[in-house]
Amino acid sequence: MRVKQPEIIFEDDAVIVCRKEAGVAVQTARAGQADMVSLLKNYRAKKKEEPYIGLIHRLDQPVEGVMVFAKTKQAAAKLSVQVSSRSMEKEYLAVTEGIPQPSEGELCDWLLRNGRTNTSQVVEPGTPQAKDAKLRYQVEQTDEEQQKALVHIWLHTGRHHQIRVQFASRRHPLYGDGKYGSRQKGSIALQSCGLRFVHPDTGKPMAFSLPLPAAAPWKEFLELGE
């Protein structure tokens, strides 16, 4: 795919907040493949700035969404503390196959990552190397005819493929997520739609959000809301 310069939402001396396109890796070791870190380093270099970019959090390559990167090591350290203490708030929107019941609640599981297959699965509590996974969700809109739902999600933990695995384990795979059971073709219907954190230099609360994508299967929910 042709990778464009990331869309910058906010920038100052300490941070860059931008939109990651679906299909673009956050960071990769593959030669010749553009990723967010290298794109932003090049962006800074073209402005005659020190091309430092601190990676704070990750987003699956097939997923689009809002991300924050640090422009100094000091900012990176402070933002990383917010991630580890879970005070950085991340919101997501997803289109699920089938309509989750109840319409709102929490999903709590133990997930085990398989590095060989790059997948995770729900396992019994106490399974060696498994990690707890927790999220809160609310069904925002439903398409009863096509049996799909637009779901708002708040992560309490940030495990590998967490949202995708937890909904798939309840027979509600995300639309387009063939790795976890979807039979639909296309990109994974998951968006990191909101991000809240405390500015590492000023201490000011920062909040950013993205609109619902205009492509399928998102556009059907835009049309339902009209």
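Reply: The side chains of R196 and E91 form a salt bridge, at 2.1 Å from N to O. This is a predicted model, in which local features need pLDDT of at least 70 and side-chain atom pairs count only at pLDDT 80 or more, while totals for chains, interfaces and linings use all residues. Residues are numbered from 1 along each chain as its sequence is written, and side-chain values use heavy atoms, with hydrogens and water left out.

Me: Why is the pair R196 and E91 called a salt bridge?

Reply: The term requires a side-chain nitrogen of Lys or Arg within 4 Å of a carboxyl oxygen of Asp or Glu. The N to O value for R196 and E91 is 2.1 Å, so the pair meets the definition.

Me: What makes E91 buried?

Reply: Buried means under 20% relative accessible area, exposed over 50%, and partly exposed in between (1.4 Å probe, protein chains only). E91 has 12%, so E91 counts as buried. R196 has 36%, so R196 is partly exposed.

Me: Why is E49 with K71 called a salt bridge?

Reply: The closest N and O atoms of E49 and K71 are 3.7 Å apart, so the pair falls within the 4 Å limit. K71, at 7% relative accessibility, counts as buried, whereas E49, at 26%, is partly exposed.

Me: How do you know that R164 makes a polar contact with D60?

Reply: A polar contact is a pair of N or O atoms within 3.5 Å; within protein, one must be able to donate a hydrogen and the other to accept it, and residues adjacent in sequence count only if both atoms are side-chain atoms. The side chains of R164 and D60 make this contact at 3.0 Å, so the distance is within the limit. R164 itself is buried, at 4%.
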